[in-house]
Amino acid sequence: MSEILSILPIPAFKDNYIWLIDTNEGYIVVDPGDAVPVMKAIGSSINKDLTILITHHHFDHTGGVETLKDKYRANVLGPKGSPFKAIDQALISGDAFNLYGLFIEIDHIPGHTLDHIYYLIHDDNKSHLFCGDTVFSGGCGRVFEGTFKQMHDSLNKISALPNDTFVYPTHEYTLSNLKFALQAEPNNKDLQDYENHCQKLREQGTPTLPTSIKQELLINPFLRTHSSDIHAVLKNIRGIETTASEDVFSGLREWKDSF
Ligand code: ZN
Ligand code: FE
């Protein structure tokens, strides 16, 4: 297996990151909503291959695809059945393949959109999860097309991945997510520490991402539906009395939608 040389966040729009993975054999660009910052990052002529990975059809994840495809003759991988039409190779749950010496696994994680998939990329001894708008640090994507049950199932798939998996969401929403997380679980010491840490990062203009499965299991309320602290807050503030994971998730998601 070959090695990843670097994984860099290319800032785009207000708070998107387009992830650029550099390997010896080629570049991998994840969710290029805008072509311009990608072309600035890699230069107008490149001496290696370029592959584009799409997690879901939203414009802020796909708007730069056609331009990059034309300019670099990029191959575009994305979910089967996606409303986004410029996909060369359509992927479904369970697909696995090698790209530039890296092993990549696909799973379908509907909820935010119905076509949403993740890419789990393995190099020598590390795993990197590109999860689009499904998990953010301290939060999760809005449920636009799927059901709360689908989103809950998708988040369960992600939280079952090994603890040391790095997680690369597509938006820098961390601080505002943590404001909500602290309302939902005020006594979580790891969460308090993490907010301090992320605040310092943002003051320096540093991304809070990637995060990890381990970190998110400690601080992300949407992955912590077992927390008795959260159950008590949902009951007291939202009048929802339940310990059932799916109902706790729905209670949190609805609350966050109006937060
Ligand atoms: Zn989206
Ligand atoms: Fe997005």
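At 1% relative accessibility, Ser 137 counts as buried, where buried means under 20% relative accessible area, exposed over 50% and partly exposed in between, using a 1.4 Å probe and protein chains only. The model you are looking at is predicted: local features need pLDDT of at least 70, side-chain atom pairs count only at pLDDT 80 or more, and totals for chains, interfaces and linings use all residues. Residues are numbered from 1 along each chain as its sequence is written, chains are lettered from A and ligands numbered from 1 in the order in which they are written, and side-chain values use heavy atoms, with hydrogens and water left out.

**Around Ser 137**

- Ser 137 sits in the loop between S11 and strand S12 (139-140); helices (H or I, at least four residues) and strands (E, at least two) are DSSP runs, numbered from the N terminus.
- Leaving aside neighbours within four places in sequence, Ser 137 is in contact with Pro 169, Thr 174, Asn 177, Tyr 194, Leu 209, Thr 211, Glu 216, Ile 219 and Asn 220, contact meaning heavy atoms within 4.5 Å.

**The zinc ion**

- Which residues hold the zinc ion (ligand 1)? The zinc ion is coordinated by His 56 (NE2), His 58 (ND1), His 112 (NE2) and Asp 133 (OD), at 2.2 to 2.3 Å.
- Donors are N, O and S atoms within 2.8 Å of the metal (3.2 Å for Na, K and Ca), and water is not among the atoms, so sites may look incomplete.
- Along the chain, the donors of the zinc ion follow the spacing H-x1-H-x53-H-x20-D.
- The four donor atoms around the zinc ion subtend angles of 88 to 169°, which makes the arrangement irregular.
- To read that label: four donors count as tetrahedral if all angles lie between 85 and 135 degrees; four count as square planar and six as octahedral if opposite donors are over 155 degrees apart and all others between 65 and 115; anything else is irregular.

- The iron ion (ligand 2) has Asp 60 (OD), His 61 (NE2), Asp 133 (OD) and His 171 (NE2) as its protein donors, lying 2.1 to 2.4 Å from it.
- In sequence, the donor residues of the iron ion are spaced D-H-x71-D-x37-H.
- Here too the arrangement is irregular, because the four donor atoms around the iron ion subtend angles of 84 to 166°.
- Asp 133 bridges the zinc ion and the iron ion, which lie 3.3 Å apart.
- Asp 133 lies in the loop between S10 and S11 and His 171 in the loop between S13 and helix H5 (174-184), so the pair ties together parts that are 38 residues apart in sequence.
- Buried or exposed: what are Asp 133 and His 171? Asp 133 is buried, with a relative accessible area of 4%, and His 171 is buried with a value of 4%.

**Thr 134**

- Thr 134 is found in the loop between S10 and S11 and is buried, with a relative accessible area of 0%.
- The C-alpha atoms of Thr 134 and Gly 111 are separated by 7.7 Å, although the two residues are 23 apart along the chain.
- Leaving aside neighbours within four places in sequence, the contacts of Thr 134 include Ile 109, His 116, Cys 140 and Met 151.

- Six strands form an open sheet in the order S1-S2-S3-S4-S5-S6, with mixed pairing; two strands pair if DSSP finds at least two bridges between them.
- At the edges of this sheet are strand S1 (4-12) and strand S6 (89-91), each pairing on one side only.
- Strand S3 (residues 26-30) and strand S4 (residues 49-53) pair in the parallel sense over five bridges, and Leu 53 in S4 is the bridge partner of Val 30.
- Another open sheet of six strands, also with mixed pairing, has the order S7-S8-S9-S10-S13-S14.
- In that sheet, strand S7 (96-99) and strand S14 (211-212) stand at the edges, each with a single partner strand, so one side of each is left without a neighbour in the sheet.
- Strand S13 (residues 166-168) and S14 run antiparallel, joined by two bridges, and Val 167 has Thr 211 in S14 as its bridge partner.

**Helix H8**

- The buried residues of helix H8 (residues 228-238) are Asp 229, Ile 230, His 231, Val 233 and Leu 234.
- H5 and helix H9 (245-257) are included in what covers these buried residues.
- Just after H8, Gly 239 takes a positive phi of about 70°.
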